[in-house]
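Hi everyone, thanks for making time. I'd like to walk you through one model today, so please have a look at the sequence and the structure first.

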Amino acid sequence: MAQKKIIKKFIALMMILAFMLFSIGVWAAENPAAQKPDYDVIVIGAGMGGLSAAAHLAVKGQKVLVLEKHFVVGGSTTKFTRGEFTFDAALHEMAGGGPGKMDRGLYKLLKATGVDKKVELYEVPHFYRSIFPGVDITLPPNWPGFKSELKKKWPEESEGIEKFHTLCSSLSAELMELRDLFRQGSVGGTLTQIMVPLRQRTFYKWKDRTVKDLMDACFKNEDLKAVVSQLWVFYGAPVDKESALIFMAATESYLSDGAWHIKGTSQALADGYAARIRELDGTVQTGTLVTKILLENGRATGVQTANGKTYTARYIVANTDPYQLADKLVGRENLPAKYLEKIDAMKPANSLFGVYIGLNVDLKALGYNDTEIFYNTYRDSMKNYEAMMKGDFEKGAVAITIYTNLGDPVYAPKGKSVVKLDAYSDISVWPKDRAEYAKLKEQKVDELIALAARVIPELKDPKNITVKEGYTPKTIERFTMNKGGVVYGFYLSPEQWQKIPNDTPIKNVFITSNWTQAWHGVCAGQVNGWRAARLILDLEGIE
């Protein structure tokens, strides 16, 4: 009898234990925090920063998920077609190196992920043509040719031209010495910064100065200053407001590492990244808008999408502007006041306005050989900038890109041409009323074409234009979700050259976009992606 009681007690105990185990299993299934996450890293947005971050993580064995709201990857690095014409949405030319150049910068990162095997890059034939009142000069995309052309026109400035080259090269080399500063802890980072005035003297001297300061230090002739500083139109601020650091670093990258075209448009680069991520067992999912980063006890646990699905991960990378991160994805109540005060106090850069044009004439056959032309109404960049930002496009500056001169047949059938016009703009110029907006857009498109026609008279004749499609800051805001349609991130003045770091107050959430420290553009976006990935890999102890 005693033995039976023992058996019954044992059976009852086993039943209780089984129920407890079942209950624990049910609770674990209902509590995502108790489960193994779906992914190591979730990347929000498949622009250059997001794709780059995912590729660098995936190549190191991390399980990644990339979620993109559009039905194609690339963000601004994409293409679209209108009839028989193909248009590159944003990219003019890409700095950062390519085959046969120094193994540094962007091209080194492309090789690290294997994306270099997915794309074909070739150098553009010209750097840029600069036109001001009384000045018209075309410059090659390398230091020897660049300096030679300048010296031919301004031989008395030879010493200053060499000084400019030396400063750009020195600054770039010193930035490479500091490239891992973002990875260092507080002690190591502080020690490195203490030594900057002694070790990185060019950087230290110019970190608080403008492009105007740089031009004045190197040159006397005002026309030469205007020509050499012409690429302010690519960087988002007039020369007397723009950081000298970004200008010197970008100039050195273009002229030492080359200006590059991606065969098949920039979409080929985005597709190459996506293909490589998938090869590495990562997931790239389009048509999926992330609406919320899920938080628990001050850490991110995953994301929620517009269709109500949730995905869990140990880390989150947001390829967004900081306002989307704070206001929509995380919530301001979950971020410290100091962080919010910083991003609210910083000035955003400008947006853009432009026109995509398909022509039924062959511009190259007519003698137009350039790929990138800058036409400036005034020699003074501030006057051009102010005219554009007020919407007075017929008196500003315009960047004219002739894509069909790049030697890539993808853009137009033989005998036809693709041209893109770009100018700066502010979203406040554009009416909220749809009818007023459409009317103003049509008017301003014609104004910008008229300005470009001072260089290419064939644009005056409507019979030559088969496709004419404008875009505004509102267009950019709709597609990128960037506040104000801003494409450059924060305004690159000396006070703001550092932008914001790739890490955030939420320890397992990172941001990679044109708003972060590696500056902006197709090249910098990819560098920012690597930086965000590198911070995660450091936390994981992975080299």
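Let me start with a definition: buried means under 20% relative accessible area, exposed means over 50%, and partly exposed is in between, with a 1.4 Å probe and protein chains only. Helices (H or I, at least four residues) and strands (E, at least two) are DSSP runs, numbered from the N terminus.

A word on the source: this is a predicted model, where local features need pLDDT of at least 70 and side-chain atom pairs count only at pLDDT 80 or more, while totals for chains, interfaces and linings use all residues. Residues are numbered from 1 along each chain as its sequence is written, and side-chain values use heavy atoms, with hydrogens and water left out.

Now, strand β13. How many of the residues of strand β13 are buried? Nine of the nine, across residues 351-359, so this strand is largely enclosed by the rest of the structure. In a regular strand, side chains alternate between the two faces of the sheet. For β13, one side carries S351, F353, V355, I357 and L359, the other carries L352, G354, Y356 and G358, and all of them are buried.

What does β13 pair with? Two strands count as paired if DSSP finds at least two bridges between them. Strand β16, residues 417-425, pairs with β13 in the antiparallel sense over nine bridges, and there D422 stands opposite G354. Strand β17, residues 465-471, is also an antiparallel partner of β13, over six bridges; here I357 has K468 as its bridge partner.

On to charges. A salt bridge here is a side-chain nitrogen of Lys or Arg within 4 Å of a carboxyl oxygen of Asp or Glu, and the structure holds 28 of them. I picked out a few for you.

Take E120 and K263, whose closest N and O atoms are 3.8 Å apart. This pair links distant parts of the chain, 143 residues apart: E120 sits in the loop between α3 (105-113) and β5 (121-123), and K263 in the loop between β8 (260-262) and α12 (267-279). E120 is partly exposed at 45%, and K263 is partly exposed at 40%.

Next, D538 and R183 form a salt bridge at 2.8 Å, N to O. D538 is in helix α18 (residues 522-540) and R183 in the loop between α5 (158-177) and α6 (186-199), so the pair ties together parts that are 355 residues apart in sequence. Both count as partly exposed, D538 at 27% and R183 at 27%.

For a local case, look at K225 and E222, with 3.0 Å between the closest N and O atoms. They are three residues apart in helix α9 (residues 222-228), separated by about one helical turn. K225 is buried at 11%, whereas E222 is partly exposed at 40%. Coming back to R183 and D538, these belong to one network with D180, R534 and E543, joined by salt bridges that share partners.

Finally, a loop residue. Is P409 buried or exposed? P409, in the loop between β15 (397-402) and β16, is exposed, at 64% relative accessibility. In sequence, P409 and G264 are 145 residues apart, yet their C-alpha atoms are 8.3 Å apart in space.

That's my tour, and I'm happy to take questions.
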